[in-house]
Amino acid sequence: MSIAAVREYLARFGLEDKVREFAVSSATVELAAQATGVIPARIAKSLTFKVADKAVIIVTAGDAKVDNTKFKAAFHTKAKMLSPEEVEQLVGHAVGGVCPFAIKDTAEVYLDVSMKRFPTIFPAAGSASSAVELTCEQLEQAAQNFQGWGDFCKGNY
């Protein structure tokens with residue numbers, strides 16, 4: 001998958017013009033915050049886990065950390081992150097550009113409530129030098145294979 005595939009996917013929702021490409025890397029929360037000019041917490045990071053031989057993507061605020069107890073309660077298994085090879089195979093994007101758009105049909109997407117405190121957030125857009133600014137409502141509408149909102153992280157947001 002690629003930024004072109006994400007742009008094409010987002011066109012279904014009229015959001016393709018919100019994709020931003022950078023001359024610098026946005027592959028980590030810190031780099032993406034610098035590239036977009038926002039605080040790291042407003043970067044929507046897509047964390048990928050293996051649950052029963054499929055990929056589960058949990059999109060959280062950039063400053064949030066997944067709580068193992070909450071994860072186990074939600075998915076009935078221990079949190080096990082995918083390897084970079086598994087991410088490409090099961091999700092369809094390379095690490096650094098993982099996002100909930102233009103993904104494989106078998107990957108499931110969950111959104112964490114930690115993002116709801118911001119007017120807009122910035123998930124990646126399929127490459128390690130891209131992002132798309134969306135409201136939480138737009139993210140929910142556009143997230144492929146969206147399963148629901150949840151509280152998967154430590155702390156109270």
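Helix H1 (residues 3–11) has its buried residues covered by elements that include S1, S6 and H5. Here helices (H or I, at least four residues) and strands (E, at least two) are DSSP runs, numbered from the N terminus, and contact means heavy atoms within 4.5 Å. The structure is a predicted model, in which local features need pLDDT of at least 70 and side-chain atom pairs count only at pLDDT 80 or more, while totals for chains, interfaces and linings use all residues. Residues are numbered from 1 along each chain as its sequence is written, and side-chain values use heavy atoms, with hydrogens and water left out.

The buried residues of H1 are Ile 3, Val 6, Tyr 9 and Leu 10. A residue is called buried under 20% relative accessible area, exposed over 50%, and partly exposed in between (1.4 Å probe, protein chains only). Why do these residues of H1 lie on the same side of the helix? They do so because they cover an arc of only 120° around the axis. The arc is that of the directions from the helix axis to the C-beta atoms.

Helix H2 (29–36) can be described in the same terms. Val 29, Ala 32, Ala 33, Ala 35 and Thr 36 are buried in H2. Their arc around the axis is only 165°, so they are on the same side of H2. These buried residues pack against strand S1 (19–21), S2, S5 and S6. Just after H2 comes Gly 37, with a positive phi of about 80°.

**The largest pocket**

The largest pocket holds about 390 Å³ of space. Among its 25 lining residues, Ala 27, Thr 28, Lys 45, Ser 46 and Gly 96 are the closest to its centre. The search uses a 1 Å grid over the protein atoms alone: a pocket is an open set of points with protein on both sides within 12 Å along at least five of seven lines, whereas a cavity is a set of points where a 1.4 Å probe fits but cannot get out, and lining residues have an atom within 4 Å of a point. Grid points are joined across faces, edges and corners, and the volume is the space filled by probe spheres set on the points.

Which elements supply at least two residues each to this lining? They are helix H2, strand S2 (43–51), helix H4 (84–90), strand S5 (122–123) and strand S6 (130–132). S2 gives the largest share, six residues. By class, the lining has 16 nonpolar, seven polar and two charged residues. In this scheme Ala, Val, Leu, Ile, Met, Phe, Trp, Tyr, Cys and Pro count as nonpolar, Asp, Glu, Lys and Arg as charged, and the others, Gly among them, as polar.

**Individual residues in loops and strands**

The following table lists the relative accessible area of several residues.

| Residue | Relative accessible area | Class |
|---|---|---|
| Ala 52 | 70% | exposed |
| Ala 102 | 8% | buried |
| Gln 144 | 11% | buried |
| Gln 147 | 42% | partly exposed |

Ala 52 is in the loop between S2 and strand S3 (54–61). Its phi is near 50°, a positive value in a residue other than glycine. Ala 52 and Thr 77 are 25 residues apart in sequence, and their C-alpha atoms are 8.6 Å apart in space.

Ala 102 also has a positive phi, of about 55°, although it is not a glycine. Ala 102 lies in the loop between H4 and strand S4 (108–112). Leaving aside residues up to four places away in sequence, Ala 102 is one of the residues touched by Gln 144, together with Tyr 9, Pro 100, Phe 101, Ile 103, Asp 105 and Val 109. Gln 144 itself is in the loop between helix H5 (136–142) and strand S7 (146–150).

Gln 147 is placed in strand S7. With residues up to four places away in sequence not counted, Gln 147 touches Glu 108, Val 109 and Tyr 110. The C-alpha atoms of Gln 147 and Tyr 110 are separated by 5.5 Å, although the two are 37 residues apart along the chain.

**Cysteines**

A disulfide is a covalent bond between the sulfur atoms of two cysteines. With a disulfide taken as a pair of cysteine sulfur atoms within 2.5 Å, the structure holds zero disulfides. The sulfur of Cys 99 is 16 Å from the closest cysteine sulfur, in Cys 136, which is too far for a bond. Cys 153 is in no disulfide either, and the nearest cysteine sulfur, that of Cys 136, is 13 Å away. Cys 99 is buried, with a relative accessible area of 0%, and Cys 153 is buried with a value of 0%.
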